[in-house]
Amino acid sequence: MLRSAMQLTSQPYVSPYKINGSGSGRVDISAAANAGFTMHQSTGTMLNYVYSNIGDPRTFNLPSIMDTRCVVDCTWRRAVTSQLDITATYTTTFELWSGAGFDVSVSPSTFELGPGASQVLEFTMDVSALPVGTVGTGQVWFETEAVDVPDLHIPVYAKSTGSSLAAAVVDNA
């Protein structure tokens, strides 16, 4: 959970942004200590994948989202758990960094977390407006007005690998 707190509260690298090289950004230890929520992924699940190829890394509960084979749209789920002793409300926004037409939505877009409570979030990345082979990058922000609680973020990356079959048929007719 400490690792997710550091990633969620890091200072993002803005330019040039390459998610594969910079990840979530520069660690801010003081912000991490006040992270409103964290994400947990068991070491056992990750080791099973690394050593036995069991599981799907796309389903790991990590504070980043990446898809290199997105067709039209891709959906991901993440679970967050409050680390606060107060109730906090979060509102999500998407900040586009590259790939005009790339969009990410989160459901629910606004949610409340009480002390120790968890929330499952569904992220939908829309690459339908991106040309095939184009990469879209950005950040999903979780903004809160809770006192002394930093806004959190998750970097997102998607590569458009095609369009729907129906669109391909029409284009080739």
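**Exercise 1. Work out how many helices and strands the protein chain has, and in what order they come.**

Start with the count: the chain has 5 helices and 9 strands. Here, helices (H or I, at least four residues) and strands (E, at least two) are DSSP runs, numbered from the N terminus. Next, walk along the sequence and you get α-α-α-β-α-β-β-β-β-β-β-β-β-α.

A quick word on the source: this is a predicted model, where local features need pLDDT of at least 70 and side-chain atom pairs count only at pLDDT 80 or more, while totals for chains, interfaces and linings use all residues. Residues are numbered from 1 along each chain as its sequence is written, and side-chain values use heavy atoms, leaving out hydrogens and water.

**Exercise 2. Find the residues that touch the most other members of the largest nonpolar core.**

First, the term: such a core is a set of buried Ala, Val, Leu, Ile, Met, Phe, Trp, Tyr and Cys residues joined through side-chain atoms within 4.5 Å. Out of its 32 residues, the ones to pick are Phe37, Tyr90, Phe102, Phe111, Phe123, Met125 and Phe142. Then look at strand β9 (residues 152-162), which gives this core its largest share, 4 residues.

**Exercise 3. Decide whether serine 160 is buried or exposed, and list what it touches.**

Locate serine 160 in strand β9. Now check the cut-offs: buried means under 20% relative accessible area, exposed over 50%, partly exposed in between (1.4 Å probe, protein chains only). Serine 160 is buried because its relative accessibility is 1%. Finally, skip residues up to four places away in sequence, and serine 160 touches Cys70, Val127, Leu130, Pro131, Val132, Gly133 and Thr134, with contact meaning heavy atoms within 4.5 Å.
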